[in-house]
Amino acid sequence: MEYSPKKLLDVLNRNNFKFKKRYGQNFIIDENIIDAIIKKSNLEYDSLIIEIGPGSGALTKKLAPNAKNVLCYEIDYTLKSILDATLYQHNNVKIIYDDFLKRDVLSDIKNYTYKKLYVVANLPYYITTPIIVKIIEDNLDVDKIIVMVQKEVGDRFRAKPGTKEYNSLTIFVNYFFDVKKILDVSRNVFIPKPNVDSIVVQFTKKDDLITLKNKDFFFKLVQDSFSQKRKNIKNNLKKYDLEKIGKVLNKYGFDLSTRAEQLSLEVFVDIANSLVEG
Ligand code: SAM
């Protein structure tokens with residue numbers, strides 16, 4: 001299938017396809033954007049790519065020649081005839097028509113062999129964060145995640161301490177990945193046109209994770225630190241050992257009146273480790 005807006009619309013119309021807002025369906029109509037994503041992703045061929053939400057297959061079709069296998073999850077079964085037509089030449093693509101969030105992905109991929117595991121997708125924006133959290137919590141061991149997301153959400157993933165975008169999600173994600181923006185994307189390259197701009201963000205797995213004595217405790221502490229945006233560490237972490245926390249903060253030139261958004265991942269790790277015995 002060609003990528004001109006008219007051709008895509010023709011195909012969608014011929015198949016009586018109706019866009020579903022509830023599934024975050026905004027399809028890319030600019031081939032240059034897809035080519036730029038592929039180029040900047042630097043994908044190794046001996047890989048399995050997971051794509052969440054292939055839609056009409058515009059991105060999928062270009063992923064297929066760049067990887068040994070592509071496994072897609074599409075919630076909307078009415079896209080099947082379109083996807084079959086778009087992808088008939090690519091027998092290394094498999095599509096599972098189901099809700100990605102409900103899948104046992106580890107079990108879905110256990111029969112594939114590959115050197116690298118990637119997630120590449122133009123995500124359904126209404127579930128961006130649950131998707132990223134699922135990839136991490138399911139221990140998928142992905143080498144890279146390259147995803148198109150709403151600009152504001154992408155800015156949170158890659159935010160630096162001291163900025164208003166920096167929050168507990170930033171710290172959670174940056175514990176596991178180096179995050180960077182690889183592309184700005186205008187709202188004009190989609191049909192229907194969304195009312196937000198987008199960016200493509202790349203998450204690269206960190207080889208050496210900082211040692212945490214207790215991962216769950218760490219993430220709970222970070223969440224609690226940000227629980228009330230305007231309050232400082234002393235107020236948000238009342239139920240923890242404030243004396244110990246104060247000592248760690250002093251090491252970095254902070255004190256209990258500091259707000260969570262000032263503190264780097266490393267400071268949070270140090271605080272959390274100081275509160276866990278052993
Ligand atoms: N990849 C296509 C493109 O770039 O043109 C479509 C991207 S569109 C933003 C998001 C896609 O995700 C839609 O096809 C939608 O049906 C699908 N989707 C939405 N929720 C989903 C879910 N929970 N699991 C799997 N796919 C989902």
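Analyst: Start with the chain as a whole. Among contacts between residues at least 6 apart in sequence, 68% join residues at least 24 apart. Contact here means heavy atoms within 4.5 Å. The model is predicted, so to speak of local features takes pLDDT of at least 70 and side-chain atom pairs count only at pLDDT 80 or more, while totals for chains, interfaces and linings use all residues. Residues are numbered from 1 along each chain as its sequence is written, and side-chain values use heavy atoms, with hydrogens and water left out.

The chain holds 12 helices and 9 strands. These are DSSP runs numbered from the N terminus: helices are H or I with at least four residues, strands are E with at least two. The C-alpha trace spans about 65 × 40 × 30 Å along its principal axes. Of the 278 residues, 52% count as buried. Buried means under 20% relative accessible area, exposed means over 50%, and partly exposed lies in between, with a 1.4 Å probe and protein chains only.

There are two domains to keep in mind, domain 1 (5–205) and domain 2 (215–275). Their bounds come from an automatic or database domain assignment. The C-alpha centres of domain 1 and domain 2 lie 34 Å apart. Across the boundary, 12 residues of domain 1 are in contact with 14 residues of domain 2.

Now the empty space. Rolling a probe the size of a water molecule over the atoms shows where it is left. The search uses a 1 Å grid over the protein atoms alone. A cavity is a set of points where a 1.4 Å probe fits but cannot get out. A pocket is an open set with protein on both sides within 12 Å along at least five of seven lines. Lining residues have an atom within 4 Å of a point. Grid points are joined across faces, edges and corners, and a volume is the space filled by probe spheres set on the points.

Domain 1 and domain 2 each supply at least three lining residues. By class, the lining divides into 9 nonpolar, 1 polar and 6 charged. Nonpolar covers Ala, Val, Leu, Ile, Met, Phe, Trp, Tyr, Cys and Pro; charged covers Asp, Glu, Lys and Arg; the others, Gly among them, are polar.

The second largest pocket holds about 250 Å³. It is lined by 14 residues, with Lys21, Gly24, Gln25, Asn26 and Pro194 nearest its centre. The classes are 6 nonpolar, 5 polar and 3 charged.

The whole structure has 3 cavities of 30 Å³ or more. The largest cavity has a volume of about 330 Å³. Its lining takes in 28 residues, of which Gly53, Pro54, Gly55, Glu74 and Asn122 lie nearest the centre. β1 (27–28), β2 (47–52) and α3 (58–63) are the elements that give two or more residues to this lining. By class there are 16 nonpolar, 8 polar and 4 charged residues.

The second largest cavity holds about 60 Å³. It is lined by Gly24, Asn26, Asn122, Leu123, Pro124, Tyr125, Phe190 and Pro194. That gives 5 nonpolar, 3 polar and no charged residues. Gly24, Asn26 and Pro194 were also named near the centre of the second largest pocket. Asn122 was named near the centre of the largest cavity.

Ser198 lies in β9. Its relative accessible area is 1%, so it is buried. Ser198 and Asp184 are 14 residues apart in sequence but 6.3 Å apart in space, C-alpha to C-alpha.

Strand β9 (residues 198–205) has 6 of its 8 residues buried. It pairs with two strands. Pairing requires at least two DSSP bridges. β6 (residues 144–150) meets β9 in the antiparallel sense over 7 bridges, with Val147 opposite Val201. β7 (residues 177–185) is antiparallel to β9 over 8 bridges. In that pairing, Ile199 is the bridge partner of Asp184.
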